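Please take me through this structure stop by stop. I have it open in a viewer and want to know what to select next and what is there.

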Amino acid sequence: MTIRKIFVAAFAAGVCVCASGLAMQAQETKTAQDSAAMAEIRHQVENYMQSIDDADTSLGATVWSPTPDATFIEPQGHERGWDQIASVVYDKLMGQTFSKRTLKNVSDVSIHLYGDAAVVEFDWDFVATLRSDGKTLVHTTGRESQVYVNLAGKGWRLVHVHYSGPPVKGPGGF
């Protein structure tokens with residue numbers, strides 16, 4: 001083998017080693033970014049649950065996207081835009097209907113990242129006291145999916161919630 005061939009082979013091997021190192025570094029950076037995003041989203045899910053417990057539109061406004069394209073699908077309706085979500089879900093349903101609310105996550109929160117978007121899934125348990133008599137307890141369980149987007153200057157914000165009851169088992173199911 002000539003000196004030139006040895007030099008070319010050594011150079012090519014060096015390029016491969018450098019490229020491999022850069023690829024591993026890029027993957028480590030992406031993993032760290034994904035971990036940070038997932039931690040922020042998990043924190044937003046906790047804030048969301050607290051905002052429901054407290055019927056707190058101020059806290060809710062830090063979780064939800066302030067845009068008119070945010071949506072909330074629930075058994076009694078379909079709210080569109082943060083203003084309608086704040087009015088119907090937070091003020092009317094949570095605030096005026098119930099005097100006390102406890103929304104708890106009863107499963108692992110599953111987060112699926114897709115760049116600047118994420119889908120979250122979890123099961124919940126909700127217990128509340130009716131405001132009308134101050135003593136009747138309402139207890140429901142269900143599951144929820146949420147969609148978050150990473151908005152410039154605002155971080156991860158909730159843009160969609162869809163919740164429903166637990167799966168139907170037995171003859172009434174599919």
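Select Arg131. In this predicted model, Arg131 has 44% relative accessibility, so the residue counts as partly exposed. Arg131 sits in the loop between S5 and strand S6 (137-151). Arg131 and Phe98 are 33 residues apart in sequence, yet their C-alpha atoms are 4.7 Å apart in space. Show the rest of the surroundings too. Setting aside neighbours within four places in sequence, Arg131 is in contact with Gly95, Gln96, Thr97, Phe98, Ser99 and Arg101.

Step back to Thr129. Thr129 belongs to strand S5. Is Thr129 buried or exposed? Thr129 counts as buried because its relative accessibility is 13%, and the cut-off for buried is under 20%. Select Ser99 as its partner in space. Thr129 and Ser99 lie 30 residues apart in sequence and 5.6 Å apart in space, C-alpha to C-alpha. Residues up to four places away in sequence aside, Thr129 touches Thr97, Phe98, Ser99, Lys100, Gly134, Lys135, Thr136 and Leu137.

**The whole chain**

Zoom out and colour by secondary structure. The chain has three helices and seven strands. From the N terminus on, the order is α-α-β-β-α-β-β-β-β-β. Of the 174 residues in the chain, 32% are buried. Among contacts between residues at least 6 apart in sequence, 52% join residues at least 24 apart.

**The nonpolar core**

Next, the largest nonpolar core. This core has 33 residues, and Tyr48, Trp64 and Tyr148 have the most contacts inside it. Helix H1 (3-54), helix H3 (82-96), strand S3 (98-105), strand S5 (117-130) and strand S7 (155-164) each supply at least two residues of the core. Which element gives the largest share? H3 does, with seven residues.

Centre on Tyr148. Leaving out neighbours within four places in sequence, Tyr148 is in contact with Ile41, Gln44, Val45, Tyr48, Val63, Asp116, Ala117, Ala118, Val120, Trp156, Arg157 and Leu158.

**Helix H3**

The buried residues in H3 are Trp82, Ile85, Ala86, Val89, Tyr90, Leu93, Met94 and Gly95. Keep the helical repeat in mind while you look. An α-helix has 3.6 residues a turn, so residues three or four places apart point the same way. Now check the span. H3 has 15 residues, but its end C-alpha atoms are only 18 Å apart. A straight helix would reach 21 Å at 1.5 Å a residue.

**The aromatic rings**

Show the rings of Phe, Tyr and Trp. There are six aromatic pairs. Start with Trp64 and Trp82. Their ring centres are 6.3 Å apart and their planes meet at 25 degrees, so the pair is stacked. Trp64 lies in the loop between H2 and S1 and Trp82 in helix H3, so the pair ties together parts 18 residues apart in sequence. Both Trp64 and Trp82 are buried.

Move to Phe72 and Tyr163. This aromatic pair is edge-to-face, with 5.9 Å centre to centre and 85 degrees between the planes. Phe72 counts as buried, at 2% relative accessibility. Tyr163 is buried as well, with a relative accessible area of 19%. Now select the cluster that ring pairs link together: Trp64, Phe72, Trp82, Tyr90, Trp124 and Tyr163.

**The hairpin**

Stay with S1 and bring in S2. Strand S1 (residues 71-74) and strand S2 (residues 77-80) pair in the antiparallel sense over four bridges. The two strands, S1 and S2, form a hairpin with two residues between them. Which residue stands opposite His78 in S2? Select Ile73.

**Last stop: Ala55**

Finish at Ala55, in the loop between H1 and helix H2 (57-63). Look at its backbone. Most residues other than glycine have a negative phi. Ala55 is not a glycine, but its phi is positive, at about 50 degrees. Ala55 counts as buried, at 18% relative accessibility.

Technical notes. Residues numbered from 1 in each chain as written. Predicted model: local features only at pLDDT ≥ 70, side-chain atom pairs only at ≥ 80, totals over all residues. Heavy atoms only, no water. Core = buried A, V, L, I, M, F, W, Y, C linked by side-chain atoms within 4.5 Å. Buried < 20%, exposed > 50% of the residue type's maximum accessible area, 1.4 Å probe, protein only. Contact = heavy atoms within 4.5 Å. Pairing = 2+ DSSP bridges. Phe/Tyr/Trp six-rings, centres within 6.5 Å; stacked < 30°, edge-to-face > 60°. Expected span 1.5 Å × (residues − 1).
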